[in-house]
Amino acid sequence: MVTLGDYLLVSGILFAIGFAGVMLRRNLIIILMSLELMLNAANLSLVAFSRFRVGPNGLPNYNAQVFVFFIITVAAAEVAVGLAILVALFRARQTTDVKDISTLKF
Amino acid sequence: MSPFLFWIFALLTVIFGAAVVVNRNPVASALSLVVSFLGLSALFMSLDAYFVGIIQVLVYAGAVMVLFLFIIMLLNLRTEEERRINWLASAGGVAVALALLIQIFLVISRFEPARKTFPPLPGSSIDDVRNIGALLFSSYNLPFQIVGVLVLVATIGVVLLSKREPRS
């Protein structure tokens with residue numbers, strides 16, 4: 001049988017992949033995609049816990065799924081703003097590589 | 001859901017998630033991300049969260065990925081040129097990610113409820129859309145409205161950011 005730990009394991013691996021993407025890649029678009037992966041990994045563990053905590057009325061705990069709904073909404077807004085900043089940056093510098101945007105680097 | 005289907009979709013999600021990071025071509029990364037999100041949506045549905053699974057397909061695989069692909073095509077990004085890879089920095093990044101992964105493994109292996117299976121639901125079908133909607137408009141009414149304002153602000157911000165500045 002599939003246990004709660006299996007879902008948490010998949011979620012943890014997915015989060016680590018997203019984290020590695022943010023650390024390793026230098027293309028800003030790929031970094032944004034890796035952020036999405038991390039947010040979705042968190043969503044998966046929230047939904048797994050929601051299904052795990054069946055209440056006295058025999059239904060899953062829907063509070064977690066409402067959180068997932070909010071996370072998806074905020075993530076969509078975040079992607080839109082992030083990509084708009086990317087387009088503005090590309091107009092100014094003609095690059096999406098984080099190595100070329102190090103003016104403020106100490 | 002049978003363990004066989006669970007592991008198929010879990011493998012699909014993880015392998016294509018890794019392909020997002022490994023691919024050098026941004027378009028291939030975006031398409032891998034779509035497959036990864038579809039696998040994740042199947043995992044949501046295996047947890048009886050049909051509403052979340054469907055908005056995962058609609059919002060992520062539909063809207064967000066179209067936005068990503070549109071920006072990639074608009075900026076005409078090709079496979080990034082082979083730059084000299086800083087091996088020390090890459091090894092550091094991989095080491096930190098691996099440390100995080102090991103930490104997660106340890107936490108899950110010591111977490112007692114993680115070894116239990118999911119309790120069965122009494123009904124054959126549950127109307128989770130109705131339950132989530134009721135919760136959204138009663139207990140979470142204020143956060144729901146705040147999210148609405150947030151989306152409005154994001155829309156205005158995107159229009160402002162992508163407007164071309166007038167030449168002076």
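Predicted model: local features only at pLDDT ≥ 70, side-chain atom pairs only at ≥ 80, totals over all residues.
Trainee: What pattern does chain A follow along the sequence?

Mentor: Chain A reads α-α-α along its sequence, where helices are DSSP runs of H or I with at least four residues and strands are runs of E with at least two, numbered from the N terminus. The radius of gyration of chain A, taken over C-alpha atoms, is 18 Å, well over the 13 Å that the globule rule (2.2 Å times the number of residues to the power 0.38) gives for 106 residues, so chain A is more spread out than a compact globule. Its C-alpha trace spans about 60 × 25 × 25 Å along the principal axes.

Trainee: Where does A:V47 lie?

Mentor: A:V47 lies in helix α2 (residues 28-52) of chain A.

Trainee: Is A:V47 buried or exposed, and why?

Mentor: A:V47 counts as buried because 28 C-beta neighbours lie inside 10 Å. A residue is buried with 20 or more other C-beta atoms within 10 Å of its own, exposed with 12 or fewer, and partly exposed in between, the C-beta atoms being placed from the backbone.

Trainee: Which residues does A:V47 touch?

Mentor: Leaving aside residues up to four places away in sequence, A:V47 touches A:A64, A:Q65, A:V68, B:F44, B:L47, B:A49 and B:V52; a contact requires C-beta atoms, placed from the backbone, within 7 Å.

Trainee: How many residues does each chain bring to the contact?

Mentor: Chain B brings 68 residues and chain A brings 61. On the side of chain B that touches chain A, α3(B) gives the most, with ten residues.

Trainee: Turning to α1(B), which of its residues are buried?

Mentor: The buried residues of α1(B) are B:F9, B:A10, B:T13, B:F16, B:G17, B:V20 and B:V21. They cover an arc of only 155 degrees around the axis (using directions from the helix axis to the C-beta atoms), which puts them on the same side of α1(B).

Trainee: What covers them?

Mentor: The cover over the buried residues of α1(B) includes α1 (4-24) and α2 of chain A, together with α2 of chain B. The face turned away from the buried side of α1(B) carries the exposed residues B:P3, B:F4 and B:L11.

How values were computed:
Residues numbered from 1 in each chain as written. Chains lettered and ligands numbered in written order. Contact = placed C-beta atoms within 7 Å.
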